[in-house]
Amino acid sequence: MGRNTRVVIVGAGHNGLVAAGYLARAELNVTVLERRNVIGGAAVTEEWFPGYSISTCSYICHILQKKVIDDLQLRKYGFHVYPIDPSRIHPFPNGKMVKLWHDDTRTSEDIRVISPHDADAWLEWADFWHRAVRILSDYYLTPPPSLAQLTDRFRAENEEEILETLLTVPLKDIINHYFESDEVKAMVSTGAFDMGDISAPGSAYITALYRYSAYREDTENYGIVRGGMGEITQSMARSAQAYGASIRTDAEVKRILIGNQGVTGVELVNGELLEADIVMSNADPKRTFLKLLNGSGLDTDFLGDIKSLKTESASAKFLCSLKELPDFSAYLGSEYDPKNLAMVCICPSLEYSEQSWIDSKNGKVSKTPIIQLQIPSVYDKTVAPEGHHVLSMWVYFVPSSVKDGSWSEVKQQFGEWLINEVCKYAPNFRDAIIDWTVLTPEDIEDRIGLTDGNIRHLDMVPQQMMSRRPLAGWSDYQTPVKGLYLCGAGTHPGGEVTGAPGHNAAHVVLEKLGLTV
Ligand SMILES: Cc1cc2nc3c(=O)[nH]c(=O)nc-3n(C[C@H](O)[C@H](O)[C@H](O)COP(=O)(O)OP(=O)(O)OC[C@H]3O[C@@H](n4cnc5c(N)ncnc54)[C@H](O)[C@@H]3O)c2cc1C
């Protein structure tokens, strides 16, 4: 096998498309099959209301790897970011507010109004994470290191204590060590996206893995994508096609086919068979092994481990069209720049954020979910009619399924509750809305194909990260079935729109074939 190798990629999520781009660039014969009528997976823009286009799922480009952008020439194929600074504003019910700037000193000065102690602590806090992230980020575009390798590296850099703190001290304790004010504690607690249990050891480690974005150098790639997140995947598709990849939509794979020597191809839902030397699955690990392979070629231990993978962390989306902007002047003054509304985070207290996790774990729709509100049209005029806007809220934590009842019963009420909540900060919000809808975790599962609506394919918890993602012994993108690879967010370094799993998986395939790009 070499340049004539036939590769089928199951799924046109951004990681499938990145893998396609690298493999097509190396002149392999690449076909991408997407079950939906639109490519992109969770990085997709759709016209939710006539004339109003919204990023259905992911909404902020904060961690897409520069190497991937450059290697695949995404800017040439239409990718464009409006960098945002402040990256978020955090209004609080007591009328106070913090703006989070890329410049730590500037954020610190904002915090000084709330607490001089926390203003100084902010610089020490930022330094702690910068030092952790500087080392961890080196492992983004490589297969993951073992814990022993990671420890050696931190030790070699005289930063062993940082790793020890990350692994053993819960995030909540670190927060309480640095800060005294409720506002700043609340603000920093929102960064533990998957580790809702911020009292658990390992929650700081996971936060550090996410903080790649918060402390990245290339702020020009942090922001709102022109045309929504779907333009990332459209540019990836154009790039892959220019290198010769073929991309088919409405092409759902029913089964991955295997023979004595490993993978042989795929069967589509319409009965069509496609032969392949290599199959890469962009679908999540549970879907890949339990549905598409239906357990074939796998031993019972492996299957048991796959079934036990955690997919408990879920979130919801609220999408709406607006005839005017929500009025945050109580926080920003009457003459404020609308660009401040690009990202607004609502989380009044540390207890509030903890409660949302406790409720979701117990199958309850919380009355205290963290809300990340985004109005991309303050930058991007292409997504709404002139003078109008689109707004989305990413809401976490919510249960993947509701214990006493069902999502369909509570969905409308949940949307109404979210609107009322935002009205506490921007009183005209309800009147400004033209139309709205809510996507529950069940809707996200049906639409995007994510098991349990899990936005990162698998929970990002310490036991499912680095050399244990998706499973210990299988973090190199290969699987027990020869010729079958994983390339999605269920592999290292995990979820978010990074391009990293697709990049890494493609490079493992090329190395196996003895090819370089
Ligand atoms: C609500 C929500 C909000 C988010 N917010 C952000 C954010 O703001 N920023 C950020 O960086 N990340 C965010 N994320 C996370 C990020 O979007 C995902 O982690 C990432 O997009 C996953 O990419 P992927 O390519 O690995 O997989 P996916 O995007 O899941 O793509 C998998 C693809 O495979 C297809 N597929 C599955 N089964 C089959 C089959 N049998 N046949 C053919 N095709 C199949 C699916 O249809 C899908 O297109 C968010 C995600 C969600 C859901």
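**Note on domains, salt bridges and buried residues**

1. The side chain of E157 meets that of R153 in a salt bridge, with 3.0 Å from N to O. Please keep in mind throughout that this is a predicted model.

2. R153 also has a salt bridge with D138, where the closest N and O atoms are 2.9 Å apart. Because D138 sits in the loop between helix 4 and helix 5, while R153 belongs to helix 5, this pair ties together parts that lie 15 residues apart in sequence. D138 is itself partly exposed, at 42% relative accessibility. As background, side chains of opposite charge can pair when their charged atoms come close.

3. Another salt bridge to look at is the one between the side chains of R430 and E416, at 2.8 Å from N to O. This pair links distant parts of the chain, with R430 in helix 16 (residues 429–432) and E416 in helix 15 (residues 407–423), 14 residues apart. R430 counts as partly exposed at 35% relative accessibility, and E416 is likewise partly exposed, with a relative accessible area of 27%.

4. The next point is the division of the chain, for which the domain assignment gives domain 1 (6–40 + 62–80 + 227–309 + 460–512), domain 2 (85–220) and domain 3 (312–448). Between the C-alpha centres of domain 2 and domain 3 there is a distance of 24 Å. In the interface, 28 residues of domain 2 are in contact with 23 residues of domain 3, and the two domains bury about 2100 Å² between them, of which 63% is on carbon and sulfur atoms.

5. How many salt bridges does the rule find across the interface of domain 2 and domain 3? The rule finds 1 salt bridge there, and it also finds 6 residue pairs in polar contact, with both residues at pLDDT 80 or more. On the side of domain 2 that touches domain 3, the elements giving two or more residues are strand 6 (88–91), strand 7 (97–100), helix 7 and helix 8 (182–189). A salt bridge is also formed by the side chains of E354 and K172, at 3.2 Å from N to O.

6. Helix 6 (residues 160–168) deserves a careful look, as I162, L163, T165 and L166 are buried in it. These residues are on the same side of helix 6 because they cover an arc of only 160° around the axis. E161 and E164, on the other side of helix 6, are exposed. Among the elements that cover the buried residues of helix 6 are helix 4 (116–136), helix 5 (147–156), helix 7 (171–178) and helix 9 (203–210).

7. A last point concerns S392, which has its place in strand 17 (residues 389–398). Is S392 buried or exposed? With a relative accessible area of 1%, S392 is buried, because the cut-off for that word is under 20%. Leaving aside residues up to four places away in sequence, S392 touches I54, Y59, K317, F318, L319, Q372, L373 and Q374.

Technical notes:
Residues are numbered from 1 along each chain as its sequence is written. This is a predicted model: local features need pLDDT of at least 70, side-chain atom pairs count only at pLDDT 80 or more; totals for chains, interfaces and linings use all residues. Side-chain values use heavy atoms; hydrogens and water are left out. Buried means under 20% relative accessible area, exposed over 50%, partly exposed in between (1.4 Å probe, protein chains only). Helices (H or I, at least four residues) and strands (E, at least two) are DSSP runs, numbered from the N terminus. The arc is that of the directions from the helix axis to the C-beta atoms. Contact means heavy atoms within 4.5 Å. Domain bounds come from an automatic or database domain assignment. Buried area is the accessible area (1.4 Å probe) that two parts lose on being put together, summed over both. A salt bridge is a side-chain nitrogen of Lys or Arg within 4 Å of a carboxyl oxygen of Asp or Glu. A polar contact is a pair of N or O atoms within 3.5 Å; within protein, one must be able to donate a hydrogen and the other to accept it, and residues adjacent in sequence count only if both atoms are side-chain atoms.
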